[in-house]
Amino acid sequence: MSKIHVFDHPLILHKLGIIRSKDTGVKEFREIISEIAMLMCYEATRDLPVEEVEIETPVAKAKAYRLAGKKLAVVPILRAGLGMVDGMLALIPSAKVGHIGLYRDPDTLEPVEYYCKLPQDIAGRDVIVVDPMLATGGSASAAVSFLKKRGCRSIRLMSIIGAPDGVRRMQADHPDVDIYVAAVDDRLNEHGYIVPGLGDAGDRIFGTK
Ligand code: PRP
Ligand code: URA
């Protein structure tokens with residue numbers, strides 16, 4: 001069974017409160033999504049392996065560390081996942097970025113694929129899938145399935161808000177994929193929106209409504 005990590009860092013909680021508010025405008029919403037992604041990236045990467053190296057400071061030889069193990073890739077689920085990419089790359093600037101385009105059919109709530117472009121060497125990388133909202137879990141589960149078909153074996157999912165249904169769906173479909181969120185909310189409403197949530201993340205990031 002995959003693990004669910006719920007981050008309760010005070011800065012994340014504070015910023016989450018701001019983006020939940022309906023009075024927060026596009027500019028601030030977009031900036032804070034990116035900041036939360038950066039803070040979550042810091043927390044979610046604390047288990048990355050490091051190796052010891054010898055370096056020379058201006059004063060003396062010293063033991064230092066550098067990241068070891070597989071290289072990273074960040075894969076946003078379009079559109080809303082794009083809002084998290086800059087924050088992730090601020091901390092892991094050499095990560096490659098793949099894109100998976102999915103939208104949720106408003107009637108069936110099933111994900112519909114419209115774009116997929118991944119780095120050629122994706123199978124050999126540790127992949128972090130990013131999407132602010134994990135609602136029914138259909139989009140995240142489909143994105144992870146694409147990645148597995150492309151040979152990826154090390155995948156984690158980072159969302160800002162999850163719903164219990166989405167967490168259950170991911171754990172059932174992909175028990176090998178750990179999930180990182182800043183909150184798990186109460187439920188989904190009849191339109192598949194997370195309650196209380198923050199509304200439509202894509203529309204709020206891009207100002208489309
Ligand atoms: C939103 C969100 C997720 C999906 C979550 O995208 O960004 O991708 O819904 O819902 P699910 O867990 O029930 O699949 P949406 O389909 O609204 O597309 P958009 O990002 O292009 O607005
Ligand atoms: N997608 C969103 O953007 N928000 C939700 O609450 C659910 C799915």
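How many residues of the shell around ligand 2 are nonpolar, how many polar and how many charged? I counted 5 nonpolar, 2 polar and 2 charged. My classes: Ala, Val, Leu, Ile, Met, Phe, Trp, Tyr, Cys and Pro are nonpolar, Asp, Glu, Lys and Arg are charged, and the others, Gly among them, are polar.

**Ground rules.** This is a predicted model, where local features need pLDDT of at least 70, side-chain atom pairs count only at pLDDT 80 or more, and totals for chains, interfaces and linings use all residues. Residues are numbered from 1 along each chain as its sequence is written, chains are lettered from A and ligands numbered from 1 in the order in which they are written, and side-chain values use heavy atoms, with hydrogens and water left out.

**Ligand 2.** I listed the residues around this ligand (a heavy atom within 4 Å of it). They are Arg104, Met133, Ala135, Gly192, Tyr193, Ile194, Gly199, Asp200 and Ala201. Next I looked up polar contacts (N or O atom pairs within 3.5 Å; within protein, one must be able to donate a hydrogen and the other to accept it, and residues adjacent in sequence count only if both atoms are side-chain atoms). A backbone N or O atom of Ile194 is 2.8 Å from an oxygen atom of ligand 2. For Ala201, a backbone N or O atom also lies 2.8 Å from an oxygen atom of the ligand. Gly199 places a backbone N or O atom 2.8 Å from a nitrogen atom of ligand 2. The protein covers 88% of the 240 Å² of accessible area that ligand 2 has on its own. Those areas come from the Shrake-Rupley method with a 1.4 Å probe; for residues, only the protein chains shown count as cover.

**Ligand 1.** Of the 15 residues around ligand 1, I noted Arg104, Asp131, Thr136, Gly137 and Ser139 as the nearest. The shell holds 6 nonpolar, 5 polar and 4 charged residues. An N or O atom in the side chain of Ser139 is 2.6 Å from an oxygen atom of ligand 1. Arg79 has a polar side-chain atom 2.9 Å from a ligand 1 oxygen atom. Ala135 uses a backbone N or O atom, 2.9 Å from an oxygen atom of this ligand. The protein covers 91% of the 500 Å² of accessible area that ligand 1 has on its own. S6, S9 and H4 each give two or more residues to this shell. I took helices (H or I, at least four residues) and strands (E, at least two) as DSSP runs, numbered from the N terminus.

**Pocket.** Which space does ligand 1 take? The largest pocket. Ligand 2 also sits in the largest pocket. I get a volume of about 600 Å³ for the largest pocket. It has 28 lining residues, and Tyr103, Arg104, Met133, Ser139 and Asp200 are the closest to its centre. Its lining has 15 nonpolar, 8 polar and 5 charged residues. Strand S4 (72-78), strand S6 (99-104), strand S9 (133-134), helix H4 (138-149) and helix H6 (201-206) each supply at least two lining residues. Pocket rules: on a 1 Å grid over the protein atoms alone, a pocket is an open set of points where a 1.4 Å probe fits, with protein on both sides within 12 Å along at least five of seven lines; lining residues have an atom within 4 Å of a point. A molecule sits in a pocket if more than half of its atoms lie within 2 Å of its grid points. Grid points are joined across faces, edges and corners, and the volume is the space filled by probe spheres set on them.

**Backbone.** I found a cis peptide bond between Leu78 and Arg79, with omega about -5°. Arg79 is in the loop between S4 and helix H3 (85-91).
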